[in-house]
Amino acid sequence: MSTKIWLALLFLGLVAPFVVYPVFVMKLLCFALFACTFNLLLGYTGLLSFGHAAFFGGAAYITGYLVKNSGLTPELGVLAGTMFAGVLGYLIGSLAIRRQGIYFAMVTLALAQIVYFVAIKAPFTGGEDGLQDIPRGKLFGLLDLNHAYHLGEKTLELNLYYFVFALFCLGFWIVYRTINSPFGQVLKAIRENEQRAVSLGYQVEKFKLIAFVISAALAGMAGSMKALVFQLASLTDVNWHTSGEVVLMTLLGGVGTVLGPLVGAFTVVTLHSELSSAGSWVTVVIGATFVICVLAFRRGVVGELGRLLKRSL
Amino acid sequence: MEITFQTVMSQIMLGLNNGAFYAILSLGLAVIFGLLNIVNFAHGALYMLGAFVALLGYTHLGPLLGVPDFHLSYWAALLVAPLLVGILGVVIEKTMLSRLYKFDHLYGLLLTFGVALILQGVFTNYFNVSGTPYDAKPEVLNGVVNLGFMLFPKYRLWAICISLLVCFSTWYVIERTKLGSYLRAGTENPELVKAFGVNVPLMITLTYGYGVALAAFAGVVAAPIYSVSPVMGAETIIVVFAVVVIGGMGSIMGSIVTGLLLGMVEGLTKVIYAPASSTVIFFIMVIVLLVKPTGLFGREQ
């Protein structure tokens, strides 16, 4: 993609908090990163993980707990959450890649359910209440992430926003670099034809596992960011609904497109905030969107757009 | 809890009861997977729907028809719920799933996931998540029976027996009859079966209908035991997925036996270490994946 588009997106990200409600943008960034990491698996490796909430929510708990109780600075908290998710990804991934296709999805879902039950039962997660009032702390012990700037009538927590934005860019860049590397080419080969990749001498399982760990770790980073933004880590984050939603974001935006997950995350997050008063009708709308996407819209928004413009986005 | 013969046996029997539901549900998944090659994520939601048909038939149908005294009885619900849900299954297959066979099988999983969310969302909107009790348990099935070594609720014994009967009848039809041989042939090679003049698309539709009717049947049988809740299916289906991974979906008998055994193991875990009972099946799945990744009754693809 051309540099112009990237610069435009970067600019958009930098000025967004002045135009839109910053917490909304930050929520969007967290889920967009989450969806990008998921897309690395589904879109570029052909693995449907139905348990990605375990990494997202698990890391949120770890970051929340360490920042709250051990006085870790936020950047170290995020690092710990990311590493935790990476290790968890290694464990879950090395089990799940023993099965293919539909079984892979079921195994990841079931393993993520173990994480969910641990989150309910373990003493440090706060059970049904979750971890609340997670402090944001001072970045590198210096910069107060709670600091709000007053601009006219607005109060903007810009320190936190740019921290989250920087993390998003880092995560997005890692995903982008992975996709567009020789390693990423092998992943795509596995997606297209696993048997042939094997016959070409690639250790398919190793590639799958590395992709899974990268994806899990970065999904964890997204969860850690979320824990700092909302100062909350809860059971919702580890629930299978969240795993389903990240699938939807990717599907809706366009599986296997670089920008698709961003569009999908934007749509789903907006849907949630617009329908927040509608109770469980949100679930119905999400479900219906799933059905429509699968039946009529398998390329997703960006995929369809790319087809119209005859280029890959 | 003190470990006595009584407590162990009662938990195993209760576990067998749960296991009977796992068996029906995983059997339905296996039958559907065999012919359609999709994993029916909506299975749990349709199980829930079956329970709700029974509940609503009992509490709401009469007033709705203008005959306030009319209640759909438990026995009638055992027939009506699977029938209605089966018809819904046929509609889902005809209008949606049949369009997806030429694409990646994962789309079938995602579509049925969407259907599950829709059903669950609609019912969550009108009914309490923590459950509504179903009071239409027939008189005959009240009380307890003496099994010799323990007293056991009559209804639960009935639930185990009827579930096993349904499971083994299904097994018999598929493995031992002419109709079943078409089905098995269709699982092996649908193109060839088509060439012999068998209406395979119809067979696929009816198979899906039958599979989800089984789920609804389990829902009705479960209704008097657990309270009827919009999320009862979601909680169950994930466990059943693990059951299916452990057993492998290649074998009908395998899925029945695995379901029953794991139910009992779950019950036994309640005696030994209660907090692990909700996760023990997942841990068994981990062990099976490590030792025999294709599942206990699975075949190498």
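At what angle do helix α6 (residues 158–179) of chain A and α9(A) pack, and how far apart are their axes?

## Helix packing around α9 in chain A

The angle is about 170°, and the axes of α6(A) and α9(A) are 11 Å apart. Axes here are lines fitted to C-alpha atoms, over the stretch in contact for helices, with angles running from 0 to 180 degrees between N-to-C directions. The pair therefore counts as roughly antiparallel (over 145 degrees; under 35 is roughly parallel, 65 to 115 roughly perpendicular, the rest oblique). On the α6(A) side, the residues that meet α9(A) include Leu160(A), Val164(A) and Leu167(A), while Met221(A), Ala222(A) and Met225(A) are among their partners in α9(A). This contact has 11 nonpolar, 2 polar and no charged residues. For those classes, Ala, Val, Leu, Ile, Met, Phe, Trp, Tyr, Cys and Pro are nonpolar, Asp, Glu, Lys and Arg are charged, and the others, Gly among them, are polar.

Helix α7 (residues 182–192) of chain A also packs on α9 (residues 204–230) of chain A, this time at about 115° with axes 10 Å apart. That makes α7(A) roughly perpendicular to α9(A). Val186(A), Leu187(A) and Ile190(A) from α7(A) meet Val204(A), Phe207(A), Lys208(A) and Ala211(A) from α9(A). By class, that's 6 nonpolar, no polar and 1 charged.

## What kind of model this is

This is a predicted model, with local features needing pLDDT of at least 70 and side-chain atom pairs pLDDT 80 or more, while totals for chains, interfaces and linings use all residues. Residues are numbered from 1 along each chain as its sequence is written, with chains lettered from A and ligands numbered from 1 in the order written.

## Chain B at a glance

Chain B has 12 helices and 2 strands (DSSP runs numbered from the N terminus: H or I of at least four residues for helices, E of at least two for strands). In sequence order they run α-α-α-α-α-β-β-α-α-α-α-α-α-α.

Along the principal axes, the C-alpha atoms of chain B fill a box of roughly 60 × 60 × 35 Å. Of its 301 residues, 50% count as buried, meaning 20 or more other C-beta atoms, placed from the backbone, within 10 Å of their own.

## Where the chains meet

Across the interface, 34 residues of chain A are in contact with 33 of chain B; contact means C-beta atoms, placed from the backbone, within 7 Å. On the chain A side, α5 (101–121), α11 (240–253) and α13 (281–296) each give two or more residues. The biggest giver is α5(A), with 13 residues. Sorted by class, this side of chain A has 23 nonpolar, 7 polar and 4 charged residues.

How values were computed
Two residues are in contact if their C-beta atoms, placed from the backbone, lie within 7 Å. A residue is buried if 20 or more other C-beta atoms lie within 10 Å of its own, exposed if 12 or fewer, and partly exposed in between; C-beta atoms are placed from the backbone.
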